[in-house]
Amino acid sequence: MTQYDYCEIWTATSGLGGKFAVIREGYNEIVRKKSTIEETMDGGLDVQVGGVHKMYNLIIRVRHTEPESGYGTEQDLRDLYELNNPQAAQHNLLWYTNHHGQVEQVYMVGDYQGSLLGCQIEGNTAYWDVQVILRVKPA
């Protein structure tokens with residue numbers, strides 16, 4: 001099976017994005033089933049289930065300035081998160097390629113949470129760990 005040491009996140013229209021290193025301990029694939037469970041008057045259960053959705057919860061390690069061609073910076077990742085143009089047809093839809101080369105359409109959701117590693121805030125020795133959540137677009 002093909003394996004890469006990075007993932008890719010990019011837009012389909014603006015060309016924004018790049019390769020990003022994901023920390024192994026911060027790579028979580030989540031499958032969530034929408035459901036509600038209520039107890040009925042006679043003590044039984046009323047179970048309602050809906051769609052099943054896949055998400056990725058990632059911790060991406062990026063630099064402030066990236067010397068290696070094709071890799072995204074912290075600002076590139078932030079720009080992908082901040083895409084928000086409701087007037088555009090697919091304003092915040094992204095393409096995500098995982099470590100096996102499988103491509104999915106995703107939305108970056110939730111909070112953008114970046115932690116600076118070390119004391120450097122600029123340059124190619126300034127690293128950030130950024131937690132992002134990618135929600136896979138339903139088929």
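Which residues line the largest pocket? Before I come to that, a word on the model itself: it is predicted, so that local features need pLDDT of at least 70 and side-chain atom pairs count only at pLDDT 80 or more, while totals for chains, interfaces and linings use all residues. Residues are numbered from 1 along each chain as its sequence is written, and side-chain values use heavy atoms, with hydrogens and water left out.

The lining of the largest pocket consists of Asp-5, Lys-19, Phe-20, Ala-21, Arg-61, Val-62, Arg-63, Glu-66, Glu-68, Tyr-71, Gly-72 and Tyr-127. A pocket here is an open set of points on a 1 Å grid over the protein atoms alone, where a 1.4 Å probe fits, with protein on both sides within 12 Å along at least five of seven lines, and lining residues have an atom within 4 Å of a point. The space in this pocket comes to about 180 Å³, and its lining divides into six charged residues, five nonpolar and one polar, where Asp, Glu, Lys and Arg count as charged, Ala, Val, Leu, Ile, Met, Phe, Trp, Tyr, Cys and Pro as nonpolar, and the others, Gly among them, as polar.

Let me turn to the core. The largest nonpolar core has 20 residues, of which Ile-9, Ile-60 and Leu-77 touch the most other members; such a core is a set of buried Ala, Val, Leu, Ile, Met, Phe, Trp, Tyr and Cys residues joined through side-chain atoms within 4.5 Å. Among the elements giving two or more residues to this core are strand E1 (7-11) and helix H1 (74-81), and strand E6 gives the most, with five residues. Strands are DSSP runs of at least two residues, and helices of at least four, numbered from the N terminus. Beyond its neighbours within four places in sequence, Ile-9 is in contact (heavy atoms within 4.5 Å) with residues including Phe-20, Ile-60, Leu-80 and Leu-134.

Next, the strand pairing, which requires at least two DSSP bridges between two strands. E4 and E5 pair in the antiparallel sense over five bridges, Trp-95 having Gln-105 in E5 as its bridge partner, and E5 and E6 also pair in the antiparallel sense, over nine bridges.

Finally, consider Val-136 in strand E6. Why does Val-136 count as buried? Val-136 counts as buried because its relative accessibility is 12%, the cut-off for buried being under 20% relative accessible area with a 1.4 Å probe and protein chains only. Leaving out residues up to four places away in sequence, Val-136 touches Lys-54, Tyr-56, Glu-104, Gln-105 and Val-106.

Technical notes: Buried < 20%, exposed > 50% of the residue type's maximum accessible area, 1.4 Å probe, protein only. Points joined across faces, edges and corners; volume = space filled by probe spheres on them.
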